Amino acid sequence: MTVPTIPSPPGSVGYTRTLPCEAASARTARALVRTALTAWELTHLAEDAELAITELVANASQHTPCRSIRVAVRHTAEGRVRISVVDTSRVHPVLRQADADDAGGRGLTMIDALTHSWGTDPLPGGKCVWCELPTGTGT
């Protein structure tokens, strides 16, 4: 799958794409993540990164009224890969413990377990939910 991208700001290396705010966009988001990791020779992160972006897209599509989301993957100067989803909701996600019989509520717990760190940054028109994975390359 070819994934068109928009260049990142100067000083950062990354890929970004605007997608419909729907669960089906997770497929394209995973392809974007895989494209970035392949370009950076970081395919050892692909499985965890693809699970993380799937959860971030699912959360946006389930819990926000937005029409589109902005998915981004950046290789940071701190030797991490940052994966993020921007939406128009100002409601921040909350990590919670799902009960055994709950049908959902485990997405952020999984992101918390798979990644080095995660968080939410408020934006003028919504928020950015992000997570970071260490590259293991020391750069």
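Which residue forms a salt bridge with R82? Select R82 and D121: the closest N and O atoms of this salt bridge are 3.9 Å apart. The model is a predicted one. R82 sits in strand 3 and D121 in strand 4 (residues 117–123), so the selection spans distant parts of the chain, 39 residues apart. R82 counts as buried because its relative accessibility is 18%, under the 20% cut-off. D121, at 31%, counts as partly exposed.

Salt bridges that share partners join R80, R82, D121 and E132 into one network. Within it, E132 pairs with R80, with 3.5 Å between the closest N and O atoms. E132 is in strand 5 (residues 126–134) and R80 in strand 3, so this pair ties together parts 52 residues apart in sequence. E132 is buried, with a relative accessible area of 7%, while R80 is partly exposed at 22%.

Next, select helix 1 (residues 25–39) and helix 2 (residues 46–63). Their axes come within 9 Å and cross at roughly 145°, and the crossing is right-handed. Residues making the contact include A29, V33 and L37 of helix 1 and A49, I53 and V57 of helix 2. By class, the contact has eight nonpolar, two polar and three charged residues.

Zoom in on R34 and E50, whose side chains meet in a salt bridge of 2.8 Å, N to O. R34 is partly exposed at 36% relative accessibility; E50 is buried at 17%.

Finish at R90, in the loop between strand 3 (80–87) and helix 3 (107–114). R90 is exposed, with 58% relative accessibility. Beyond its neighbours within four places in sequence, R90 contacts L123, P124, G125 and G126.

Terms used. Residues are numbered from 1 along each chain as its sequence is written. This is a predicted model: local features need pLDDT of at least 70, side-chain atom pairs count only at pLDDT 80 or more; totals for chains, interfaces and linings use all residues. Side-chain values use heavy atoms; hydrogens and water are left out. Helices (H or I, at least four residues) and strands (E, at least two) are DSSP runs, numbered from the N terminus. Buried means under 20% relative accessible area, exposed over 50%, partly exposed in between (1.4 Å probe, protein chains only). Contact means heavy atoms within 4.5 Å. Axes are lines fitted to C-alpha atoms, for helices over the stretch in contact, and angles run from 0 to 180 degrees between N-to-C directions. A crossing is left-handed if the near helix is turned anticlockwise from the far one by less than a right angle, and right-handed if clockwise. Ala, Val, Leu, Ile, Met, Phe, Trp, Tyr, Cys and Pro count as nonpolar, Asp, Glu, Lys and Arg as charged, and the others, Gly among them, as polar. A salt bridge is a side-chain nitrogen of Lys or Arg within 4 Å of a carboxyl oxygen of Asp or Glu.
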